[in-house]
Amino acid sequence: LRDHLPEITMETSCNPTVYKSLCLHSKRIRSAPLFDNSILPIAAYVYGRIGDDGVKKALNYTTYPMKECGAKTLLSLLPNNVVMPIGKSLAMVAIIRAKTIEDILCELKAYKERIGERLKEDFSSYP
């Protein structure tokens, strides 16, 4: 997946240690038995784009377990320049599911247009 994402850069105020760990797959993270290393490229990309403030804001909209409605809301809050490259990269890797992923991206775009300005206010600091 990392090969299909745009270059990962730290564009906002991030904790350099956390960012470096995500980018370099540090030994401490890799040794954690319950941590899924396959999400590290996505985590590094998102964290590098939205930073600590964006993560804090996003956490206000997350629930566990995540349900479809909550996931759509969370994805709708992230800027298109974060979500769309990830979705397109996933479609390139998961070829069998590419059409489904593309449909989800189109649905997400329409959803974002419907909810529009009321959610953008909370996330106006995103790049």
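The structure is a predicted model, in which local features need pLDDT of at least 70 and side-chain atom pairs count only at pLDDT 80 or more, whereas totals for chains, interfaces and linings use all residues. Residues are numbered from 1 along each chain as its sequence is written, and side-chain values use heavy atoms, with hydrogens and water left out.

The mean pLDDT (the predictor's confidence in each residue, from 0 to 100) of the protein chain is 77, and 74% of the residues reach 70 or more. Confidence is lowest in helix α2 (residues 27-31), with a mean of 48, and highest in helix α5 (residues 80-93), with a mean of 88. Over residues 26-30 the pLDDT stays under 50, and the model has 7 contacts beyond four places in sequence for this stretch, a contact meaning heavy atoms within 4.5 Å.

The secondary structure comprises 7 helices and 0 strands, where helices (H or I, at least four residues) and strands (E, at least two) are DSSP runs numbered from the N terminus. Of the contacts with a separation of 6 or more, 72% are accounted for by residues 24 or more positions apart. Among the 127 residues of the chain, 36% count as buried, that is, under 20% relative accessible area with a 1.4 Å probe, protein chains only. In helix α1 (residues 16-24), the buried residues are Tyr 19, Ser 21, Leu 22 and Cys 23; the N-terminal end of α1 is capped by Asn 15, a side-chain oxygen of which lies 2.8 Å from the backbone nitrogen of Thr 17.

In the segment before α1 lies Leu 5, which counts as buried because its relative accessibility is 8%. Leu 5 and Ile 86, although 81 residues apart in sequence, are 6.4 Å apart in space, C-alpha to C-alpha. Beyond four places in sequence, Leu 5 touches Pro 41, Ile 42, Tyr 45, Pro 85, Ile 86 and Ser 89.

The largest pocket holds about 830 Å³ of space. Of the 27 residues lining this pocket, Ile 42, Val 46, Leu 74, Leu 75 and Leu 78 are the closest to its centre. Two or more lining residues are given by each of α1, α3 (40-59), α4 (68-77), α5 and α6 (98-115), and α3 gives the most, with 8 residues. Here a pocket is, on a 1 Å grid over the protein atoms alone, an open set of points where a 1.4 Å probe fits, with protein on both sides within 12 Å along at least five of seven lines, and lining residues have an atom within 4 Å of a point; grid points are joined across faces, edges and corners, and the volume is the space filled by probe spheres set on the points.

Notes: Buried means under 20% relative accessible area, exposed over 50%, partly exposed in between (1.4 Å probe, protein chains only). A polar contact is a pair of N or O atoms within 3.5 Å; within protein, one must be able to donate a hydrogen and the other to accept it, and residues adjacent in sequence count only if both atoms are side-chain atoms.
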